Amino acid sequence: MRGSDLAKAALEAAKAQAKARGVPKGRSGSKSTARSGGSRRRRRWSGPGADDRDPQPLGRLASRIVADRGWQGQLAGGHVFSRWAALVGDEVAEHAKPITLQDGELTVQASSTAWATQLRLLQRQLLTKIAAGVGNNVVRRLKVQGPAAPSWRYGPRHAPGRGPRDTYG
């Protein structure tokens, strides 16, 4: 056989192989392999599949930001304040409101001294309800305060005694 016959036979064999693989006519892949340095896979920049550059739902992005920055504790503390009535019940929420949450200690202000006493008695049950709603170790202690009385002290200086109330009667 001559060299030209060998080349024709090799070309026919390559065409048959390409047809068996399903490569369209005229795209045998020999030109792209020569340019890309021997790699037959074409680099894909975009396509119909999922990609990091695709638009993401806002909730997923917010969750990722919270996890990356370590804001889970502060977010759980915010849930205590925003969902207070759902966590402790409507009757308790009507007579008590959360004031601060620092280092696992939730300060609650009651509407009366009787409700402050009642909240102190219900402290264990309230802590378990809050833990079930927002997670464990978010609120570890409950500090109950009575109602706030008005302050008659104004300014930095104060004279001892009853003050303006002694003129009422």
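Asp103 sits in the loop between β1 (96-102) and β2. Its phi is positive, about 50°, although Asp103 is not a glycine. At 67% relative accessibility, Asp103 counts as exposed; buried means under 20% relative accessible area, exposed over 50%, and partly exposed in between (1.4 Å probe, protein chains only). The model is predicted: local features need pLDDT of at least 70, side-chain atom pairs count only at pLDDT 80 or more, and totals for chains, interfaces and linings use all residues. Residues are numbered from 1 along each chain as its sequence is written, and side-chain values use heavy atoms, with hydrogens and water left out.

**Overall fold**

- The protein chain has eight helices and three strands. Helices (H or I, at least four residues) and strands (E, at least two) are DSSP runs, numbered from the N terminus.
- Along the sequence, the pattern reads α-α-α-α-α-α-β-β-α-α-β.
- Of the 169 residues in the protein chain, 17% are buried.
- Among contacts with a separation of 6 or more, 50% join residues 24 or more positions apart. Contact means heavy atoms within 4.5 Å.
- The accessible surface comes to about 13,800 Å², and carbon and sulfur atoms hold 53% of that surface. Areas come from the Shrake-Rupley method with a 1.4 Å probe; for residues, only the protein chains shown count as cover.

**Confidence**

- Mean pLDDT for the protein chain is 80, and 79% of its residues reach 70 or more. pLDDT is the predictor's confidence in each residue, from 0 to 100.
- Where pLDDT is low, predicted coordinates should not be read in detail.

**Helices**

- Helix α3 (residues 58-69) has twelve residues and should span 16 Å at 1.5 Å a residue; its end C-alpha atoms are 17 Å apart, which agrees. The expected span is 1.5 Å times one less than the number of residues.
- Gly70 follows α3 and has a positive phi, near 75°.
- The axes of α7 (residues 113-121) and α8 (residues 123-134) come within 4 Å and cross at roughly 65°. That makes α7 roughly perpendicular to α8.
- Axes are lines fitted to C-alpha atoms, for helices over the stretch in contact, with angles from 0 to 180 degrees between N-to-C directions. Angles under 35 degrees count as roughly parallel, over 145 as roughly antiparallel, 65 to 115 as roughly perpendicular and the rest as oblique.
- Leu119, Arg120 and Leu121 in α7 meet Gln123, Gln125 and Leu126 in α8.

- Thr107 belongs to strand β2 (residues 105-110) and is buried at 7% relative accessibility.
- Beyond four places in sequence, Thr107 touches Lys97, Pro98, Ile99, Thr100, Lys143 and Gln145.
- Gln109 is also in β2, and is buried with a relative accessible area of 17%.
- Setting aside neighbours within four places in sequence, Gln109 contacts residues including His95, Ala96, Gln145 and Gly146.
- Gly146 lies in the segment after β3 (141-145). Gly146 is partly exposed, at 26% relative accessibility.
- Gln109, Ala110 and Ala116 are in contact with Gly146, leaving aside neighbours within four places in sequence.
- Gly146 and Thr117 are 29 residues apart in sequence but 8.5 Å apart in space, C-alpha to C-alpha.

**Another positive phi**

- Asn137, in the loop between α8 and β3, is not a glycine, yet its phi is positive, near 65°.
- Asn137 is exposed, at 58% relative accessibility.
- Most residues other than glycine have a negative phi.
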